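Me: I'd like to go through this one and check what the labels rest on. Can we take it term by term?

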Amino acid sequence: MSAGVPQEGTEPAAASTGVAVVIPVLGEEHALGTLLARLARQRPAEVVVVSGRSAAAAEAVCRSYGCKYVETAPNRGAQLHAGALEATAPVLWFLHADAEPARDAVELIASAVRHGAESGCFRFAFQGPSSWYKRLLARLVALRIRCGGMVYGDQGIFARRDVYLELGGFAAQPLFEEVRLVRGLRARGRFRVLPRALAVATRRWERDGWLARTLHNRWLALRYALGGEPAALAASYRATLTSGGDPEP
């Protein structure tokens with residue numbers, strides 16, 4: 001990402017870091033524009049947006065912020081890996097288009113790597129006003145991770161580029177594409193959960209119901225752990241949950 005489009009009321013950007021941001025999208029132009037505006041204030045070394053379909057609107061948003069735009073088949077794992085191969089910076093940060101990163105997220109990643117981390121993620125939190133059930137779910141996610149449970153892509157996984165490539169990157173599958181990679185990163189012993197939260201969009205929980213969405217996510221994870229086929233699980237996900245116009249899981 002170069003200078004990007006100046007946003008009214010933003011603070012002066014810090015010097016560019018060695019962090020490349022990779023963002024997979026499948027029709028999320030509005031969310032993408034909001035995210036790129038936030039990132040423009042943080043000066044990552046580059047931003048690569050990988051669309052799972054031809055999307056003139058997404059391409060135009062990327063052009064306005066000086067980002068690299070790539071098109072691939074609609075498969076989140078393949079999109080993420082394609083973006084990683086397009087990026088040239090020494091550190092890769094994989095970010096969902098509807099995420100709300102902390103204002104110093106890029107520098108936190110760069111600092112963690114300077115101090116010996118090879119990879120990591122952010123704490124989990126929900127966007128919007130605080131509530132007891134949002135706080136409870138966030139604490140349960142934190143407990144799961146402390147007990148050795150999986151870290152998923154909505155926590156903003158980052159990794160040194162050389163380590164990412166050595167481990168083979170994301171699996172080319174539409175669901176649970178991060179599992180193999182995260183296991184490999186954590187096994188190396190230099191995976192860090194950073195102190196800031198990456199706020200996750202709530203629209204899917206609000207659409208499907210907080211309990212139903214959470215239980216279904218855990219059910220899918222259990223089926224995958226027992227050998228479920230990712231493509232079949234992704235199809236089950238789309239068929240089971242109420243349609244709300246979301247372009248991807």
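Me: Which residues touch the most other members of the largest nonpolar core?

Reply: Leu 92, Phe 94, Val 151, Tyr 164, Phe 176 and Leu 185 do, out of 42 residues in that core. Apart from it lies another core of 37 residues, including Tyr 69 and Val 113. Bear in mind that this is a predicted model, where local features need pLDDT of at least 70, side-chain atom pairs need 80 or more, and totals for chains, interfaces and linings use all residues. Numbering runs from 1 along each chain as its sequence is written, and side-chain values use heavy atoms, with hydrogens and water left out.

Me: What makes a set of residues a nonpolar core?

Reply: Its members are buried Ala, Val, Leu, Ile, Met, Phe, Trp, Tyr or Cys, joined through side-chain atoms within 4.5 Å. In soluble globular proteins, nonpolar side chains tend to be buried together.

Me: What is Leu 185 in contact with, leaving aside neighbours within four places in sequence?

Reply: Ser 119, Ile 157, Ala 159, Val 163, Leu 167 and Phe 191, where contact means heavy atoms within 4.5 Å.

Me: Why is Leu 143 called partly exposed?

Reply: Its relative accessible area is 40%.

Me: How much of the chain is buried?

Reply: Buried residues make up 52% of its 249 residues.

Key. Buried means under 20% relative accessible area, exposed over 50%, partly exposed in between (1.4 Å probe, protein chains only).
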